[in-house]
Amino acid sequence: VDIALDNARQTPQRTAIYLQGQDESHQRELMLIRDLPEALHNGQFYAVYQPKIDLASQQCSSAEALIRWQHPKLGLIAPDEFIRLAEHSGNISLISDWMLQQVIAQTAKWWQQGLRLQIAVNLSVHDLLNPALADNINAQLQQYKLSAAALALEVTESAIMQDAATVIAQLQRIRGLGITLAIDDFGTGQSSLAYLKQLPVHELKIDRAFIKDIDHNSNDALIVAATTQLAHSLGFVVTAEGLENQAGLAKLQQCGCDKVQGYYFSRPLQADAFATWLQHYTSNHPHWLNAQTVK
Ligand code: C2E
Ligand code: MG
Ligand code: MG
Ligand code: MG
């Protein structure tokens with residue numbers, strides 16, 4: 001702060017504002033890192049769920065869980081900000097453990113109500129390097145009497161590349177439990193589809209960067225179509241992330257994508273709102289209701 005004030009006196013205003021801005025964002029980062037562990041226990045975090053739609057059947061039988069932090073002083077904080085900080089400060093396992101527990105508990109409730117949803121949780125590389133991860137997840141599934149088929153895990157290519165041998169061994173253990181594995185943000189990393197074929201994963205999620213303009217960008221449409229075709233021939237299910245409009249939906253159907261996720265169908269919603277959305281969506285798709293709702 002002192003440096004910023006000194007500069008404000010001696011240098012042009014723009015520099016002073018810049019330095020002050022730097023200082024504020026640094027303060028904010030320190031505050032978030034400091035507050036994170038306690039915030040988890042104080043109910044400041046919650047999970048939201050975004051539906052994934054199966055294009056062939058138009059059914060919704062899966063969703064992605066995403067974390068939110070309602071900070072008492074700073075307001076709602078996006079995971080793009082605090083996940084990175086948690087990774088760097090060694091707190092990411094606290095977040096992942098909390099999220100897995102929340103999602104498994106909530107998904108078990110839904111299954112008890114007859115909603116056999118598969119919910120995906122995002123993991124970081126740090127989680128994947130923890131030798132106890134598979135056993136921990138398995139123990140929680142047992143505790144909540146939840147089928148492994150109800151859980152999916154998403155990892156990015158870059159997380160895998162940090163220590164491919166260790167991560168692949170871990171993914172194999174997790175897959176062995178019957179949990180679905182997905183590569184997140186596909187297309188933004190370094191690896192090729194040929195390399196991904198060696199990974200024990202079921203699904204590729206094509207990054208929003210290729211989807212958001214697909215209704216008017218023919219290059220994006222070509223990339224998504226070619227990626228989907230190759231991914232299918234290698235045995236992957238393909239999900240498109242970040243669909244926002246109907247014109248894009250038609251393109252994704254032409255490209256042959258299996259599943260779609262995005263604001264066009266729904267923003268991520270808290271559990272109760274998600275269940276309400278699902279009921280509404282399902283009532284427009286009675287076939288899905290008959291097939292999926294048991295009891
Ligand atoms: P992601 O896993 O790729 O999640 C998809 C992101 O895209 C989410 O942002 C979602 O809200 C957003 N999204 C979905 N559809 C649309 C759309 O149509 N338009 C736009 N503009 N955005 C859309 P969110 O929730 O802010 O999460 C950002 C990233 O933070 C996630 O990207 C994931 O990498 C990370 N993240 C979120 N929750 C967790 C978590 O519990 N654990 C870990 N390790 N990472 C998480
Ligand atoms: Mg994800
Ligand atoms: Mg993604
Ligand atoms: Mg992402």
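Visitor: How much of the contacts in the chain with a separation of 6 or more comes from residues 24 or more positions apart?
Guide: Such residues account for 67% of those contacts, where a contact means heavy atoms within 4.5 Å. Please note that this is a predicted model, in which local features need pLDDT of at least 70, side-chain atom pairs count only at pLDDT 80 or more, and totals for chains, interfaces and linings use all residues. Residues are numbered from 1 along each chain as its sequence is written, chains are lettered from A and ligands numbered from 1 in the order in which they are written, and side-chain values use heavy atoms, with hydrogens and water left out.

Visitor: What does the secondary structure come to?
Guide: The chain has 14 helices and 10 strands; these are DSSP runs numbered from the N terminus, helices being H or I with at least four residues and strands E with at least two.

Visitor: And how many of the residues are buried?
Guide: Of the 295 residues, 46% count as buried. Buried means under 20% relative accessible area, exposed over 50%, and partly exposed in between, using a 1.4 Å probe and protein chains only.

Visitor: Where in the chain do Glu64 and Asn122 sit?
Guide: Glu64 is in strand 2 (residues 60-71) and Asn122 in strand 4 (residues 118-122), 58 residues apart, so the pair links distant parts of the chain. Glu64 is buried at 4% relative accessibility, whereas Asn122 is partly exposed at 29%.

Visitor: Is Asp184 buried or exposed?
Guide: Asp184 is buried, with a relative accessible area of 7%. Asp185 is partly exposed at 25%.

Visitor: Changing topic: which residues of helix 3 are buried?
Guide: In helix 3 (residues 79-88) they are Pro79, Phe82, Leu85 and Ala86. Seen down the helix axis, these buried residues fall within an arc of 140 degrees, so they line one face; the arc is that of the directions from the axis to the C-beta atoms.

Visitor: What is on the other side of helix 3?
Guide: Asp80 and His88 are exposed there.
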